[in-house]
Structure formats: structure tokens, C-alpha cells
Amino acid sequence: MSQPTAVGEAAPATMRAVVVTRPGGLDALEIQDVPVPARKPGWVRVRVKAFGVNESEVTTRKGESDAEVSYPRVPGIEGVGVVDEADEDSGLRPGQQVATMMGGMGRSYDGTYAQYVSVPAGQVIPFESGLPWEVVGALPEMFQTAYGSLTTGLDLKAGQTLLIRGGTSTVGLSAATIAKDLGATVLSTTRSPGRAGELRAAGVDHPFVDSGTIADQVRELMPEGVDAVLELVGCSVLADTLRTVRRHGTVCFTGALAGQWTIPDFSPFMIPGGVRLTSYGGQAADLPADVFAHQLQAIAAGRLNVPVAKVYHGLEQVRDAQADVESGTTPGKHVVVLDDRDPGNRETTTKPLPMREGRQRKRR
């Protein structure tokens, strides 16, 4: 049996965490003192330094996730921090920087909206970087999704053309920077003409305003069609997206920002002859440690841009972060940083999270 390795100072008995007490609005998020998660064999306990706030966590809070989610639940599908305890044969050492994401975290078991999280070792990516936690904390989920879509989903190569539909999303912006680093020519869409500059800042060569149909615009620029498309808007535009691709090109369906995941009365004959349609929804293992290290180096060197919308400090600001994500008014990644001065042990309490005055939330 593997023996644990641990930091010199034992973890406290309790920790602060944001808990979704029930499906509901922002008032369903509460700061609580809860037990520090026990580490099972084959798992790693991580002291959380920062985490991204995502649409899926808003969905979990609202009770719109699938049946694997139960309440109360500590949400959070991604995070970065340092190893607190791991199996001796895991290759991980106490204090080592790590990222973790996906795999049921924050859904079937407690996630990263907390000072500590315990996850399977296969879900942990070690790294070394001098980048600030708020930068690294923005990366795991969006880089894993973007990188996996471009590689596993599309097998994108240098010199090819890529269209990103849903380009001002965090995954879309990340995919643009990664694709440019791979040597591709990038086309990308936005529904707002005023946001074309954000696409150019991410390295996009040809921004397009998406009115619902873009195939004619793309074909006017590239009559033979593009080599590859990353579809993030969803099934409502998929037929039009398929028309943008050259014969033997590929569309990878990764997201549904417009909310439509299925096509009623789908017919395979809606796919143009010779065009390939695939999908991507991978896991942490799809972002190898050496690839993540390369991305961190590229960020440090200024070759990759990180689309951070806003940085929040402390668990008390999680409600504001979720409200901003839900409103959709600020593009880029929303990141919560847990400062070292954030208190660890307190008397057991249940405490509502504060909200800014005058907060208006967009209804969906």
C-alpha cells in the first residue's frame, strides 16, 4: 500500500469553503467552515491558491446540472495550488505546484471553491512557473478544452485555416492564441461588431460578425472553405457551420453557448459530402504536463495571451464572480485568488456571502 507524503505542518481540521446549500439564486452560495477533505489512496490533497469561475458552476448552483450533482455541494471544476498530501509513489511532492480540473470535481464530489480539495492523482497536472496565481488560475479548464478540441478533435496543423464560432468565449479566445502558436491562420466570430478588437488582440487574422449565418462570408474570403472549425455556439448554427468547411475538412462540436445541444429530426444528410463532424468533451489527461508547461512558457514570453476578465480576492467575492459570469457582460475568464492571509480555522459558522449594492443579474 502506498504511503502518504505530507507537508511538515499538518492540515487544519476545518477549512473555509463556499457551499451550494440548495438549487437557487446567488443566495444559495454560503461560506461555511467544513472538514478538510480526507485523502483516499490514489488521490491528492491540494491547498487551493486560485480557481476559475465557470458557466457550469452557475448551472450547478441553479440546479440545472445532471443527476450526478447532489446538495449541499462545494462547486468548482478547476483550480491551481500546491500539493498538501499525496501517495509516496505518485511522483508528487508536498509544496509542488499543480493544476486540476474536471472529472466530476465540484459535481459528484466537492470542488475547488475551498481552501483544500482532494482529487484523483490522474486529474493532477504538475507544473513550475513564476506566473501569478491569478494568471495560472485562469488556465486549466479553458486551456484543456481549447487544446483538446484543436488536437484530439481537429488534429490542427501549422499552415491550416481554423474558424472558431463563438470566438469571444474564454475557450474561443484561448483556442485562437493556441492555434496561432501552432502556426494556423485563424478566423473567428462575434455577434457584436464592437468586440472584433478583442479577437484581433487574441491573434485572430479575420474577425467576422455573426448574424446567424456566416457561410457566405467565409466562402467569400476562402472559396474552397476552411480546413477546420471549432463549434462553440451549438446546434442552432451547426448546419451553417458545416457549409464553411472544405471537402475532407473537419468540424469539432465542443460547446453550445446558444443553449441548443440537440437537433430535432437530425439527418446525416445535413452533413455536406466529404465533410467530417466530430465532438470533444475530454478530461485533464488530454492536457499533458509538457504541453501545459509549453503554454506557461509561451505566456511568460508574451506569445500567448490569457483572456482574464477580472480577478477577485477571497471566498467572499465568489457571489460577485458568479453574477458577472452569469451576466455575460465582461468577456474573458473570472478568477478567484485565495490569499495566504485568508484565515484557515475559524469557529464553525454559516455565513451568507456579501453582494455589491445594486447588483443586477441577467435572467436566462
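Mentor: Helices (H or I, at least four residues) and strands (E, at least two) are DSSP runs, numbered from the N terminus. The model is predicted, so local features need pLDDT of at least 70 and side-chain atom pairs pLDDT 80 or more, while totals for chains, interfaces and linings use all residues. Residues are numbered from 1 along each chain as its sequence is written, and side-chain values use heavy atoms, without hydrogens and water.

Trainee: Which residue just after H3 takes a positive phi?

Mentor: Aspartate 155, with a phi of about 50°. As for H3 itself (residues 140-153), 12 of its 14 residues are buried, so the helix is largely enclosed by the rest of the structure. Buried means under 20% relative accessible area, exposed over 50%, and partly exposed in between, with a 1.4 Å probe and protein chains only. Among the buried residues of H3 are Met142, Phe143, Tyr147 and Leu150.

Trainee: Where is methionine 102 found, and is histidine 248 buried or partly exposed?

Mentor: Methionine 102 sits in the loop between strand E6 (97-101) and strand E7 (116-120). Its phi is positive, about 60°, although it is not a glycine. With a relative accessible area of 19%, methionine 102 is buried. Histidine 248 belongs to strand E13 (residues 245-253) and has a positive phi of about 70°, again without being a glycine. Its relative accessibility of 45% makes histidine 248 partly exposed.

Trainee: Which peptide bond is cis?

Mentor: The one from tyrosine 71 to proline 72, with omega near 0°. Proline 72 is placed in the loop between H1 and strand E5 (78-87).

Trainee: How is a pair of packed helices described?

Mentor: By the angle between the axes and the distance between them. Here the axes of H1 (residues 55-62) and H9 (residues 318-327) come within 9 Å and cross at roughly 105°. Axes are lines fitted to C-alpha atoms, for helices over the stretch in contact, and angles run from 0 to 180 degrees between N-to-C directions. Under 35 degrees counts as roughly parallel, over 145 as roughly antiparallel, 65 to 115 as roughly perpendicular and the rest as oblique. H1 and H9 are therefore roughly perpendicular. Glu55, Glu57, Val58, Arg61 and Lys62 of H1 make the contact (heavy atoms within 4.5 Å) with Gln322, Val325 and Glu326 of H9.

Trainee: And how is a pair of aromatic rings described?

Mentor: By the distance of the centres and the angle of the planes. Rings of Phe, Tyr and Trp (its six-membered ring) pair if their centres lie within 6.5 Å; planes under 30 degrees apart are stacked, over 60 edge-to-face and the rest tilted. By this rule there are five aromatic pairs. In one of them, phenylalanine 127 and tryptophan 133 have ring centres 6.5 Å apart and planes at 75°, so the pair is edge-to-face. Phenylalanine 127 is buried at 5% relative accessible area, whereas tryptophan 133 is partly exposed at 21%. Phenylalanine 127 also pairs with phenylalanine 292, with centres 5.6 Å apart and planes at 90°, so this pair too is edge-to-face. The two residues are 165 apart in the chain: phenylalanine 127 lies in the loop between strand E8 (124-126) and helix H2 (133-136), and phenylalanine 292 in helix H8 (residues 289-300). Phe127, Trp133 and Phe292 form one aromatic cluster.
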